[in-house]
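The sequence and structure come first.

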Amino acid sequence: MSIKNPIASPTRDFIAQPGFQGSDLQTLKTLFAQHLKYSFAKDEYTATLRDSYNSLALTVRDALIDRWIETQQTYYRQDTKRVYYLSMEFLIGRTLGNAALNLGLDDEVHRLMQDMGYDMEEVQEIEPDAGLGNGGLGRLAACFLDSMATLGIPGYGYGIRYEFGIFAQKIRNGFQIETPDNWLRYGNPWEVARPEYLYKIKFYGRVHQYIDHHGNLRNDWVDAHEVMAMAYDTPIPGYGNNTVNTMRLWSAKATREFSFECFNEGDYDKAVAEKADSETISKVLYPNDNTPEGKELRLKQEYFFVSATLQDIIRRYKKTHTTFDFFADKVAIQLNDTHPAVGIAELMHLLVDIEHLGWEKAWEITTKVFAYTNHTVLPEALERWSVSLFERLLPRHLQIIYEINRRFLDSVKAAFPNDNAKLARLSLIEEGDDRKVRMANLAIVGSHSVNGVAALHTDIIKQTLFKDFYDLMPEKFNNKTNGVTQRRWLRLCNPELSKLISSKIGDGWVTDLYELKKLERYAEDEAFHHEWQTVKRHNKERLAEYIKSHYKLAVNPNAMFDCQIKRLHEYKRQLLNALHAVRLYNWIKAHPYESVTPRVILFGGKAAPGYAKAKLIIKLINSIADVVNHDRDVADKLKVLFLENYSVSLSEKIMPAADLSEQISTAGYEASGTGNMKFAMNGALTIGTMDGANVEMREEIGDDNIFIFGLLADEVIALRHHYQPWEYYNANAELKQAVDMIAHGYFSPSQPDLFRPITNSLLQGDTYMLMADFESYVRCQERVSAMYQNPFEWTKRSILNVARMGKFSSDRTIKEYADEIWRVKPIEVSAPADNGKTVGA
């Protein structure tokens, strides 16, 4: 695609203009042309749309560079305490729009593209979603980085630079097919390679013990296989300030690229085998761990990134300190779930074996710097590694874990001298035929803080999951309810609604979400209702156009857009929603002349490659959709669609258009959920159980403005002991009909027993109690339908949902972490000046 309105070529004198912050359109035009010509060797005749995206990305990145350098200089000058957020996932989405927004350049960037003859949406579509995460865990981490930068918290995100992300989801014949997500195929203009930050990471080998010349017992990890970790940095700009923090991701590199000896002998595969084997570590997010090889690679990934990170943290600390006396005063490390928990053993290894600190001093430092966030109440999701695997892969770290465990259990014995059962539950090692290392137990013992991510979730981990630990050390446990950044999830993804809100109450809500409370005065204002409804209609029309162009399916924008988009898991109960879709279909077929609230039921989400049941549920949803969408009897009354390859960018299209948000997990299973917050922030009403953050949303929004159904968490526990799903099946004709249709092949006539594993699990166990909650869910959905038929009442509640979302900003969450866990203060970064200095990150 050629430039329709080419601008004059820049002079070379403009390159690296000092102190540039991108504050005017002409400067942006000049830099854009500079990059097009000098970075990509293109002119107005040869430039493609991708060239223009890359040039624009580098132009916006240029506006960050001085601030980025000044931020690091400020942290060094003030010798501030820094926060290191360790996460296996950072689901950051696209960077261009978010960076331009936070820099205050979004209008200028749109005008620049318009002047150049481009459609900004087309340019933005060129950027792939960064393949660095899968679900809520990674998106939360990305929101936290945005909030830390906006609040001026000296923070760093550390993770892995996955070459292929998790996978690109294709739907073929209704089934999920995983294909490589080659998001780096065309390079990444936002990252800066840092080959100067290269660390050796060891695996395998053995431990050599000896007495040094001072009489101290030493442990050397020898004969190990080594891999190199190389840093790639991405700038994270705060909104409306000069802070630009860093997300540093590690890429695995071989210590030897090529073996000439093997090549000359004709063994060409072996000549590059070491390089291929080493670099596998950072190839794919979450390799399928249903095999021993998959489990080993997963543990390798976790150790790889925490070892590189901790070496990097120590390097940075030692630039300004000669002893470790102040390490805990300058470093706070947050473990985002159990994946980085091996970092506790690694820091002990580095402090004791490399820096030669005594055990007691090293342990004091370790427990002061680490804090652990738990994200699940599912025992099977708490990582447990085979002792035999650990011993082979990380022999020194198993020794360290054994010693941590011995000392910890000695203290437990002192407090509970005759309680061997408690010792067994608290131990870092799970005994049995295949002994396991319990990573959650290690995270708790090695951290000074353990937090849940919603009030109900924190109560559950204190009362059940980690009760023994809570009884022993209650002071460690606290709650930090999750939040999302309103910059991306309202201001960026829903510009029309943002403009309407700001026209009434100003734009202070962009940095203080509690400002939305001022919208309450408009909740019954009919003129404002009309404006609100117009925005929603436009957003729905845009999504309908996307659906038509991508799926050749026409959907009615007047219908209720009923959305459930999240990772596929049985406890999230996409299957319950699918059963309701079948029930609606049957009702419409049986009552062809009766009025019905039209619905478009939208699903989206990926199932883990090895999760057969979740993948079969995706097939079922697509099979239901195939029947419903081709049945003329239901026409515009009901449509069902599974949106493939769910991503941040896709959710940014869905959230603004949604009328109803499905948050229907089994009570007591969802730690928090953040999709519920994003939907509500965009004016969708929620139907949900009293689970995760739904509980607190109900408290904030009010009972009348949210649709709650189903068993409570304690009722789920009480029913579990005598639950008989058959009783619910036989007692409810609509449920029985829906289950029988699925079981007997109505939606899979060419393979009638295809979905029997699903219906058998419902009738023979129903772990997540769909049958018990079905009746309540249907009655609640009827209330939803009735409310939707009353536009005034629906719009009033939509406005109140947005107005009362103040608590659910990640800014509030991060401030609580900073004040109560990290004990770190915001640092003001001044506008950059051209002082000729550069400081390493």
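## Helix α3

In α3, the buried residues are Leu96, Gly97, Asn98, Ala99, Ala100, Leu101, Asn102 and Leu103, where buried means under 20% relative accessible area, exposed means over 50% and partly exposed lies in between, with a 1.4 Å probe and protein chains only. Helix α3 spans residues 96-103, and eight of its eight residues are buried. Helices (H or I, at least four residues) and strands (E, at least two) are DSSP runs, numbered from the N terminus. The cover over the buried residues of α3 includes α2, α4 (106-115), α5 (120-126), α6 (136-151), β8 (225-237) and α20 (486-492). Just after α3, glycine 104 has a positive phi of about 80°.

## Basis of the values

The model is predicted: local features need pLDDT of at least 70, and side-chain atom pairs count only at pLDDT 80 or more, while totals for chains, interfaces and linings use all residues. Residues are numbered from 1 along each chain as its sequence is written, and side-chain values use heavy atoms, with hydrogens and water left out.

## Helices α1 and α2

Two packed helices are described by the angle between their axes and the distance between the axes. For α1 (residues 25-39) and α2 (residues 49-78), the axes come within 8 Å and cross at roughly 125°. Axes are lines fitted to C-alpha atoms, for helices over the stretch in contact, and angles run from 0 to 180 degrees between N-to-C directions. The two helices are therefore oblique to each other; angles under 35 degrees count as roughly parallel, over 145 as roughly antiparallel, 65 to 115 as roughly perpendicular and the rest as oblique. The crossing of α1 and α2 is right-handed, meaning that the near helix is turned clockwise from the far one by less than a right angle.

Which residues of α1 meet α2? They are Leu28, Leu31, Phe32, His35, Leu36 and Ser39, and on the α2 side they meet Asp51, Ser52, Ser55, Leu56, Leu58, Thr59 and Asp62. Contact means heavy atoms within 4.5 Å.

## The nine-stranded sheet

Nine strands form an open sheet with mixed pairing, in the order β5-β8-β9-β2-β1-β10-β11-β15-β16. Two strands pair if DSSP finds at least two bridges between them. At the edges are β5 (192-203) and β16 (477-479), each of which pairs on one side only. Neighbouring strands are turned by 25° against each other on average, direction ignored. Helix α13 (residues 359-369) packs on this sheet, touching β10 and β11 (370-373), and its direction makes about 40° with that of β11.

Strand β1 (residues 82-86) runs parallel to β10 (residues 331-336), with five bridges between them. Arginine 82 is opposite valine 331 in β10, and valine 83 has alanine 332 as its bridge partner there. Four bridges join β1 to β2 (residues 155-160), also a parallel pair, and leucine 86 stands opposite tyrosine 158 in β2. In a regular strand the side chains alternate between the two faces of the sheet. In β1 both faces are covered: Arg82, Tyr84 and Leu86 are buried on one side, and Val83 and Tyr85 on the other.

## The six-stranded sheet

A parallel open sheet has six strands in the order β19-β18-β17-β20-β21-β22. Its edge strands, β19 (638-643) and β22 (707-708), have a single partner strand each, so one side of each is left without a neighbour in the sheet. Strand β17 (residues 560-565) is joined to β20 (residues 660-663) by two bridges, and cysteine 563 is opposite serine 661 in β20. Helix α23 (residues 574-590) lies across β17, β18 (599-604), β19 and β20, running at about 155° to β18.

Most residues other than glycine have a negative phi, and most peptide bonds are trans. Aspartate 79 has a positive phi of about 45°; this residue is in the loop between α2 and β1 and is partly exposed, with a relative accessible area of 25%. Aspartate 337 has a positive phi of about 75°. Aspartate 337 is in the loop between β10 and α12 (342-354) and is buried, with a relative accessible area of 8%.
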